[in-house]
Amino acid sequence: MRTMPKRLQKGDTVGIISPSSPPNLENLKKALPFLEEMGLNVKMGKSVEAKNGYLAGSDDERLADLHAMFEDSEVKAIICAGGGYGAARYADRIDYAMIKENPKIFWGYSDVTFLHNAIGMYAELVTFHGPMLASDVGKPEFHERSGRMFGQMFQPFELHYDETISELETLSGGMADGELVGGNLSLIRGTLGTKFEIDTKGKILLIEDTGEEPYQVDEMLNQLKMARKFEQVAGIVIGDFKNAEPKKPEQSWTLDQVLNDYFSDMDIPVVKGFKIGHCEPNFSLPLGVKARLDADAKTLTILPGVE
């Protein structure tokens, strides 16, 4: 069992880091009142505003921010400003023993998937797949439901997802219980062949992505299949695949055809249509906790992520 971080209280301080690419600073600024309205104080990481090409400062700077926030006893949660690319570049240098000794809420998604997986494996900590400040919260289209999902940092409650939230489609029936893992498909694929290779045995695997054409999704799913990641998986939750339209539709499968090709004849529950990922609303959830996927009832139930 992974360690659950302690819940937040009003008046707590949250640390903000840019673990990957430089965030949109205007959007980040617009997002801060949202945290203040929840009664939280904010501490900025040193490299949040740094720019180093497509990276938010050097690998050393971003790693130092991550370490500093986990080590800082005043900081009770760490929320990522945005994703992009670059978190995996320093994953092999993270002090996982230190993180294990200082468990706290760690929140983000997209490129942060690599860190979720690594921290889950080596620090055995429950982490949170949820909207980020500059990428989501600071934008005009940020949905009220996405905002409400931050409440799970303050109170341990079970999450229930059904068709009252979005239309769901069962690709393969059945019911399964297992630890919820995964996130962004590109980053999950990026773990293969490394010491951070995702473990799907007996797990419920979440996948989502953005800006990938159907053939690219096919390529990534094929690699996971060849790496035998679907052989002992308990169930699959298919989140949002934003901007997945083919550039040449007449020469392409649709995304639905790709997903059906891989998942419709599996003997495990597989459901698609969850508003999880690069979408609004974006349903936040803890990773590393027990979940139940009932493909016949089209429901996903997830245990709390804080204590």
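Arg2, His116, Asn117, Leu180, Val181, Gly182 and Leu287 line the second largest cavity of this predicted model. A cavity is a set of points, on a 1 Å grid over the protein atoms alone, where a 1.4 Å probe fits but cannot get out, and lining residues have an atom within 4 Å of a point. The elements that each give two or more residues to this lining are H4 and strand E8 (175-184). E8 provides the largest share, three residues. Helices (H or I, at least four residues) and strands (E, at least two) are DSSP runs, numbered from the N terminus. By class, three of the lining residues are nonpolar, three are polar and one is charged. Here Ala, Val, Leu, Ile, Met, Phe, Trp, Tyr, Cys and Pro count as nonpolar, Asp, Glu, Lys and Arg as charged, and the others, Gly among them, as polar. The second largest cavity has a volume of about 40 Å³, where a volume is the space filled by probe spheres set on grid points joined across faces, edges and corners.

The count of cavities of 30 Å³ or more comes to two. The largest cavity holds about 50 Å³ of space. Its lining is made of Thr113, Phe114, Asn117, Gly182, Leu187, Ile188, Thr191 and Ile198. Helix H4 (113-122) and helix H7 (185-191) are the elements that give two or more residues to this lining. Four of the lining residues are nonpolar and four are polar, with no charged residue. Why does the largest cavity lie between domain 1 (13-153) and domain 2 (159-302)? Both domains give residues to its lining, so the cavity lies between them. The domain bounds come from an automatic or database domain assignment.

Now the chain as a whole. The chain has nine helices and 14 strands. Its radius of gyration, taken over C-alpha atoms, is 18 Å, close to the 19 Å that the globule rule gives for 307 residues, so the chain is as compact as a globular protein of that length. The globule rule is 2.2 Å times the number of residues to the power 0.38. Along its principal axes, the C-alpha trace spans about 50 × 40 × 40 Å. Of the 307 residues, 58% are buried, meaning under 20% relative accessible area with a 1.4 Å probe and protein chains only.

Residues are numbered from 1 along each chain as its sequence is written, and side-chain values use heavy atoms, with hydrogens and water left out. In this predicted model, local features need pLDDT of at least 70 and side-chain atom pairs count only at pLDDT 80 or more, while totals for chains, interfaces and linings use all residues.

Technical notes. On a 1 Å grid over the protein atoms alone, a cavity is a set of points where a 1.4 Å probe fits but cannot get out, and a pocket is an open set with protein on both sides within 12 Å along at least five of seven lines; lining residues have an atom within 4 Å of a point. Buried means under 20% relative accessible area, exposed over 50%, partly exposed in between (1.4 Å probe, protein chains only).
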